[in-house]
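Reader: I am new to reading protein models, and I would like to go through this one slowly. Could you take my questions one at a time?

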Amino acid sequence: MTSADTYAVVLISGGLDSMVAAARAREDGHRLLALSMDYNQRHHVELAAARRIAHLLGAERHIVMPLDLSAFGGSALTADIAVPKTGVEAGIPVTYVPARNTIFLSLALGWAEAAGARDLYIGVNALDYSGYPDCRPEFIAAFEALAELATKAGVEGAPFRIHAPLQHMTKADIVREAARLGLDAGVSWSCYDPAPGGVHCGRCDSCRLRSKGFQDAGLPDPTAYAVTP
């Protein structure tokens with residue numbers, strides 16, 4: 001069986017990274033099953049971007065899973081905690097959502113096993129990012145090992161592959177990869193704290209990293225910012 005005969009479950013948040021990762025899955029020849037999470041995030045507008053991306057990439061099915069992580073809180077994205085606006089700092093920021101990628105990959109794994117897919121794609125990055133522990137290569141490797149132990153498919157000798165094609169890219173590399181793949185980066189959404197009028201705030205970590213990526217890549221930034229990062 002070739003990749004052209006197989007499905008891949010792709011996690012699409014609506015951001016640039018997840019769009020590029022999903023496009024890589026399509027380039028690898030997979031048929032796409034897109035999964036997004038409505039976890040009552042502050043930047044709920046990203047789900048509209050996720051729907052646009054899933055449609056543009058030709059996903060055969062797109063599930064937006066309701067999963068209210070605001071019941072737990074513990075993050076500026078799911079609780080009444082201010083999103084930092086002073087620049088990217090060392091350490092794990094308050095925009096970290098407890099165990100988010102573990103939760104999301106677990107749901108993607110469940111759908112993959114049910115659908116007979118063996119490939120999962122996630123747009124995590126360990127270079128130009130906000131310092132989240134669940135974006136590191138060690139985490140991806142550990143989850144792939146867990147997937148083999150935790151599933152019927154894995155136990156019966158059909159292990160899963162967790163693809164993180166952007167893992168070692170800079171944000172500029174990701175911007176260039178979007179251009180190479182022919183993607184319209186303007187349909188994606190990165191901002192953690194949307195400004196009035198439905199534009200990126202320009203000051204949160206995600207906006208700053210996004211803007212710097214376009215600058216470093218030497219490519220025009222299609223993003224509308226309330227304030228220039």
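Predicted model: local features only at pLDDT ≥ 70, side-chain atom pairs only at ≥ 80, totals over all residues.

Reader: How are α6 and α7 placed relative to each other?

Author: Axes are lines fitted to C-alpha atoms, for helices over the stretch in contact, and angles run from 0 to 180 degrees between N-to-C directions. Helix α6 (residues 171–180) and helix α7 (residues 205–217) pack with their axes 7 Å apart, at an angle of about 70°. Since angles of 65 to 115 degrees count as roughly perpendicular, α6 and α7 are therefore roughly perpendicular to each other.

Reader: In what order do the 5 strands of the open sheet stand?

Author: Two strands pair if DSSP finds at least two bridges between them, and β1 (residues 7–11) pairs with β2 (residues 31–38) in the parallel sense over 5 bridges. Within this pair, L11 stands opposite L35 in β2. The pairing in the open sheet is parallel, and the order of its strands is β3-β2-β1-β4-β5.

Reader: Which strands stand at the edges of that sheet?

Author: An edge strand here has a single partner strand, so one side of it is left without a neighbour in the sheet. The two strands placed this way are β3 (61–66) and β5 (161–163).

Reader: Where do the buried residues of α2 fall, seen down the axis of the helix?

Author: Buried means under 20% relative accessible area and exposed over 50%, with partly exposed in between (1.4 Å probe, protein chains only). In helix α2 (residues 46–56), the buried residues are E46, L47, A49, A50, I53 and A54. The arc is that of the directions from the helix axis to the C-beta atoms, and these residues fall within 150° of it, so they line one face of the helix.

Reader: Which residues are exposed on the other side of α2?

Author: The buried residues of α2 pack against α1 (16–27), β2 and β3. On the other side of α2, the exposed residues are H55 and L56.

Terms used:
Residues numbered from 1 in each chain as written. Heavy atoms only, no water. Helix = DSSP H or I, 4+ residues; strand = E, 2+ residues; numbered from the N terminus. Contact = heavy atoms within 4.5 Å. Parallel < 35°, antiparallel > 145°, perpendicular 65-115°, else oblique.
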